[in-house]
Structure formats: C-alpha cells, structure tokens
Number of protein chains: 2
Amino acid sequence: MKRSNRLIVLTQFFLENPHTHTQLPYFVDLCGTTKSSISEDLDIIHDVFEQQGLGMLHRTTGAGGGVRYIPKNADAYDESFILELCEKLKDPERILPGGYLYMSDLLGDPKTVREIGRIFASRFSEIELDAIVTVATKGIPLAYAVASFLQVPVVIARRDPKVTEGSSVSINYVSGSSRRIQTMVLPKRSLKEGSNVCIIDDFMKAGGTITGITNLLAEFDAEVKAIGVFAEADDEDEERKVTNYTSLIKISEVDTKGNQMEIVPGNFK
Amino acid sequence: MKRSNRLIVLTQFFLENPHTHTQLPYFVDLCGTTKSSISEDLDIIHDVFEQQGLGMLHRTTGAGGGVRYIPKNADAYDESFILELCEKLKDPERILPGGYLYMSDLLGDPKTVREIGRIFASRFSEIELDAIVTVATKGIPLAYAVASFLQVPVVIARRDPKVTEGSSVSINYVSGSSRRIQTMVLPKRSLKEGSNVCIIDDFMKAGGTITGITNLLAEFDAEVKAIGVFAEADDEDEERKVTNYTSLIKISEVDTKGNQMEIVPGNFK
C-alpha cells in the first residue's frame, strides 16, 4: 500500500477507534509495509490532527508499546460551537408554556449530539472510566456520543425495571423540580462492582436526578469520577445538591413568568 | 497543504460529514490548493474507501456540482459482523426468567451500536429521508447511529408527553406482546407534515409497536419509507402485522419453556 493510501486507511482507523491502544505490528499487517514507514505515517497524522484541533496520537515504546488516538478539541472550537448553540436557543419561539425551553430539535440532530459528545470526551479524556451512566431518556443520545469517543460502555438507569434486563437494584429519591418521590433502577448485570463512572445528562436544575443516580451507583460501589450536563438551569431559590460538574450551557429565567430567558455558556471552559 | 496532509484532512471531513453535498471550492479554501489537486485527492480517497469497503465518494459536475460521501459497507463485512453478534447472543447465561434475552450489554457498547447504524444506513442509503423515527427508549441509540451516517434528524415517540416538548399528538394502540392498550405521543413540533421517514427499533415481535408508530406518523402525513429492527422474534402463534422491514438478527424459542434459543441472521442480506 502506498503512503497516500495508508494515510487514508490509518486516519479512518483512528477516528473509528479512539482511546484504543493498538500495537504497531497490527498496522504493519494491515498496510503490508514496514514498521518504520508506519512510524512516519503516524508522525504525519499526529501533526495534522494537532494542527486541525482534532486531538493527538499518543505513542508508547517498549514491549507492548503502540499508539492510541486521543480526541481533544481545540478550546476555541468548543467555545464557538457552544456560543452558536446559545444563539439558536435564544429564539423566543422556543419558550414553551410553563417557562420550559424546547431543545428537542437540537438534541435530535446527530451532528450536534456528536459534537457535544466530543466536547465532554475532550474534557474527560484523562480520566480512566469503566462506563458512562445516564438516566432514561433524554440523556441517552448524549451518553452514547461521549462513550463513542471514550470507547466505554453506556449503562442506563430507568424509572421502571424492564423484564428484558433481569433483576435490578432500585432506589427512591426526591426530584428537585417536581418535589415528588421518584424511583430509579439499574439492572444488576449492567455494572461491575467498583466501577469508575461518568454521569451524563441533558439537564440539571437542583440536581435531584444526579444525586439519585449517585446514590444508586453507591449500591454498586461505583465511584463517580465526572459529571457532565448539557444544560444547567440557574435557579436562585434552590440550593444545588451537586457541585462538581461540567455544564455546556446555562439557562436563567429573566422574568418570573418565564417569558424571557438568558442563555450563556456553562462552566466547561 | 501537502497532499499527505490534505488526504488526512479530507478523509476526516468525509467520515464526519456523510451524505453531505459539498462543493469543491470549499475544499480548495480549506486546503489552500488548486481544484485539480483536490480532484486528484478525491479520486485517491474514493478508491481507498471502495477497496476498504467503506463506501464511495459520489461526484456531480456542472453548476452546483460537488461531492458527497456515501457510507456503504461491504456485504461480507456486514455478514461476518452479524454472525459474530449471533454467536455472542447464543450464550445461555443471557436467557432471563420468562424466556427473554439479555442484550443490554451489546446495545450498550458504542462500537457495536455504531456498526449496527452503519449497516442500516448502508441498506437505506438510496432513500431520500427527512427523519429517523424511533420509540423510547431502547431504540434511541440505534436511531442516532443510523441518523449519524445518513445525516438526518432523530424524532422520538414516547409513552407519555413531556412538558419540555410542548403540545403533542397521541394515539392508543394494542401492544402485540402484552395485548394491553398503550399510548404513544409525538410532539407537534418534532416532525414537519409530509416527511419521509425511516422507523428504527431494537426489537419486533408481532409488530404492534411499529404499527403504532406508523399510525401516529399518519397523523403527520408522514410516509414510512423504510423500517429497520435490530432483532425480530419468530413467533409462530402470532401473525405479523408488519411485513416490509429489514432485520439484522432473528430469535426463535427452541423449547416452549424458553430455555433454549436459536439466533440467526435476519433478512438484511
């Protein structure tokens, strides 16, 4: 395989297999070339990825050494992407009765969801994780987007147990927004004891749901290493139960009737 | 930018922007080179993508002409991927009380989900679609995976209306498996009248849910152009309500107590 062809094949491999340690002999076989040619190819790809703000190839030498692609966005890119999202969300037509903000179209766009996933994955790329945990249903697409860049499985907590998931552990918790007692379940098989996890959700107000997941995860002796929420609502009446989290946007009600909203970048920077 | 760098940048662009028509001047600017060099680069990428079973670059000439990456897996690749999945699902430890099959670990793996999405997107690549429709919750990751390869939005039907999605249209339908009357809702804002849609779901038995979505979509004058289900259950007692669909795997109970299952590739070939 010629260099030009190899660069295409290797670029595709890394983009589809982020955070995956691969030894050089694999590429030598794949491309039918020498180790030194592959090594030069990797240098070229690493440089272009860095220039383009796509991340880097991390190489290790010695026995068992190899290469791993670490997606990491340029900060400027993330900021402009989030500012653009804020602009779209400011459209007054998005305000629903009750002062809610309609976001389903943006969170239904696979490209937007993938970019959001890439931003969280960039932020959490140095944490060793065993799973991304979310709660059904709106956090699910975001959780998969993050997971696809970090190459870890997604585990979904639900409101009701499903017969197709076997026995499960459940907890009750008080939802911050509705102040009602809610149930959350996690199938026993879904998570190994003592896992390191990252919680991803679409929205956080007082943090009741995140606290609920955290308590449920404690039943699995899991350690919450990171929390990412797409949007946080600024609510001065309520004390936030969760403090250590990354948010991409922040929504505040400007008037008490919810007819106007302020939407700004979150604490991700 | 040198050819080697351009090939990396362009490969990344196409993989992240499938089914997106892009005019050549965009690449001329992006890479700071001539139209004829870009044209040669595209030929190289097209050939490598075809050789590797990744799809093709479709080029159009004349005013407004450009290029579009169409992901299309090699058939042999899809078949071996599905056979491997069937093998994993045959593990007797997966059989749950009631004769259900535990699949959440496989559908929680972002790489597996992405491959499933790529297979459906390959199959449906020539259909003009406006949206992928699924019903919460297990079909959601699959729907986003398909949508990310076809670059169309995802629309999610739910069991209950959500206050964050505004007014919605609802229908009642009889679920095939439980024979109970169930409700399904779709927010009014989520789908334009007269859209061409593809329905994606994780599982189909008699087809009650798919029929339910189809009836709900009729309220939006939407036309169902394709149906993809990850797993279909073979149930001889029941007549299937849905006939024109693509399934990746087929599950049959071998004994009546559900202690043994036969798992084979579906009708996707």
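Helices (H or I, at least four residues) and strands (E, at least two) are DSSP runs, numbered from the N terminus. In this predicted model, local features need pLDDT of at least 70 and side-chain atom pairs count only at pLDDT 80 or more, while totals for chains, interfaces and linings use all residues. Residues are numbered from 1 along each chain as its sequence is written, chains are lettered from A and ligands numbered from 1 in the order written, and side-chain values use heavy atoms, leaving out hydrogens and water.

Residues 2–71 of chain A are 56% helix and 17% strand, and their end C-alpha atoms lie 26 Å apart.

How do the two chains relate? Chain A is superposed on chain B by a rotation of 180 degrees with 0.0 Å of shift along its axis (RMSD 0.0 Å), using least squares on the C-alpha atoms of residues with pLDDT of at least 70 in both. That is the relation of a two-fold axis.

Turning to the interface, 53 residues of chain A are in contact with 52 residues of chain B, contact meaning heavy atoms within 4.5 Å. Between chain A and chain B there are six salt bridges, each a side-chain nitrogen of Lys or Arg within 4 Å of a carboxyl oxygen of Asp or Glu. One salt bridge joins E16(A) to R118(B), with the closest N and O atoms 3.2 Å apart. On the side of chain A that touches chain B, α1(A) gives the most, with nine residues.
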